Amino acid sequence: MRTEDQLRAEYVVAMGPDLGQWYYELERELDWLRQKWSVFQDLFDKGSERIEMLNTVASNFFHILHRFLFEDAMLHLCRLTDPPKTGSYQNLTMMSLSERISEATLKASVSTAADRVKKGCEFARQWRHKRLAHTDLEVFRTGNTGLPAVESKDIENALLSMSSLLNLIREHYDLSPAFLGADSWGAEPLIRCLEEGVRATEKGDQFTN
């Protein structure tokens, strides 16, 4: 398995120092977002039985965690699609990738894909401006009226579009596809422990009765 330094060096050699460094950093950020979103999916996107189990164990805690992970994902999508600069400060954003590409065909393809990514994250940007990074008083008092309804699939589609954008560059430089493997230390071990605890509690209740 390659180290982070080796992976960065591979991208720099293939793409050049500027694009290679940016690509490496954006890929790491996207992987971090995907890891967090994977935890959300393991906990809350596995059907009604899992939700019922979580509510049985600690309903308020998992309600807070659901909201936190969901809102964090939208904020992270916004950061990855922010403008290249905020005032005089540079942002690490996918919107800067095409600026670092000199080959005309790839540059045009990346620019088009980046526009699709930004459009696909518009729902998150509306939430950030009105409710997550700021608290718009009217939106707050009317229960988020006027903001788009957001489902898990919207965030998943945004993540897929970001992966497709990075893969355009990866494929151009003949780099093998990148895959984020299952996290054996993610939410699933917790789920198994909780399920065993619920079963043990139910069995104890049966014996008591």
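In the predicted model, helix α4 buries Leu106, Val110, Ala113, Ala114 and Val117. Viewed down the axis of α4, these buried residues fall within an arc of 110 degrees, so they line one face of the helix. An α-helix has 3.6 residues a turn, so residues three or four places apart point the same way. The face of α4 turned away from the buried side carries exposed residues, namely Ala104, Thr105, Asp115, Arg116 and Lys119. Helix α7, residues 152–172, is included in what covers the buried residues of α4.

The length of α4 was checked against its residue count. The helix covers residues 104–120. At 1.5 Å a residue, its 17 residues should span 24 Å, and the end C-alpha atoms are 24 Å apart, which agrees. The N-terminal end of α4 is capped by Glu103. A side-chain oxygen of Glu103 lies 3.3 Å from the backbone nitrogen of Thr105.

The protein as a whole contains eight helices and two strands. Read from the N terminus, the order of elements is α-α-α-β-β-α-α-α-α-α. The C-alpha atoms fill a box of roughly 75 × 50 × 25 Å along the principal axes. Of the 209 residues, 36% count as buried. Among contacts with a separation of 6 or more, 67% come from residues 24 or more positions apart.

Helix α1 was examined in the same terms. It comprises residues 4–15 and has 12 residues. From first C-alpha to last it reaches 16 Å, close to the 16 Å expected at 1.5 Å a residue. Leu7, Tyr11 and Met15 are the buried residues of α1. Down the axis of α1, the buried residues fall within an arc of 45 degrees, so they line one face of the helix. Asp5 and Val13 are exposed on the other side of α1. The buried residues of α1 pack against α2, residues 17–44, and against α7. Just after α1, Gly16 takes a positive phi of about 100 degrees.

The largest nonpolar core has 53 residues. Met74, Leu77, Met94, Leu97 and Ile155 have the most contacts inside this core. Elements giving two or more residues to the core are α1, α2, α3, α4, α5, α7 and α8. Of these, α5 covers residues 122–132 and α8 covers residues 188–208. Helix α2 supplies the largest share of the core, 11 residues.

Two residues illustrate contacts between parts of the chain. Beyond residues up to four places away in sequence, Met74 touches Phe123, Ala124, Trp127, Leu132, Val150 and Ile155. Leu33 is located in helix α2. Leu33 counts as buried because its relative accessibility is 1%, below the 20% cut-off. With neighbours within four places in sequence set aside, Leu33 is in contact with Ala73, His76, Leu77, Leu80 and Leu159. Leu33 and Leu7 lie 26 residues apart in sequence, and their C-alpha atoms are 19 Å apart in space.

Two arginines were also found to be buried. Arg50 lies in helix α3, residues 48–80. The relative accessible area of Arg50 is 14%, so Arg50 is buried, the limit being under 20%. Leaving aside neighbours within four places in sequence, Arg50 is in contact with Asp42, Leu43, Glu188, Ile191 and Glu195. Arg128 is found in helix α5. At 14% relative accessibility, Arg128 counts as buried. With neighbours within four places in sequence again excluded, the contacts of Arg128 are Leu75, Cys78, Arg79, Asp82, Ala133 and His134.

Conventions. Residues numbered from 1 in each chain as written. Predicted model: local features only at pLDDT ≥ 70, side-chain atom pairs only at ≥ 80, totals over all residues. Heavy atoms only, no water. Helix = DSSP H or I, 4+ residues; strand = E, 2+ residues; numbered from the N terminus. Buried < 20%, exposed > 50% of the residue type's maximum accessible area, 1.4 Å probe, protein only. Contact = heavy atoms within 4.5 Å. Expected span 1.5 Å × (residues − 1). Arc of directions from axis to C-beta. Polar contact = N/O pair within 3.5 Å; in protein donor to acceptor, adjacent residues only side chain to side chain. Core = buried A, V, L, I, M, F, W, Y, C linked by side-chain atoms within 4.5 Å.
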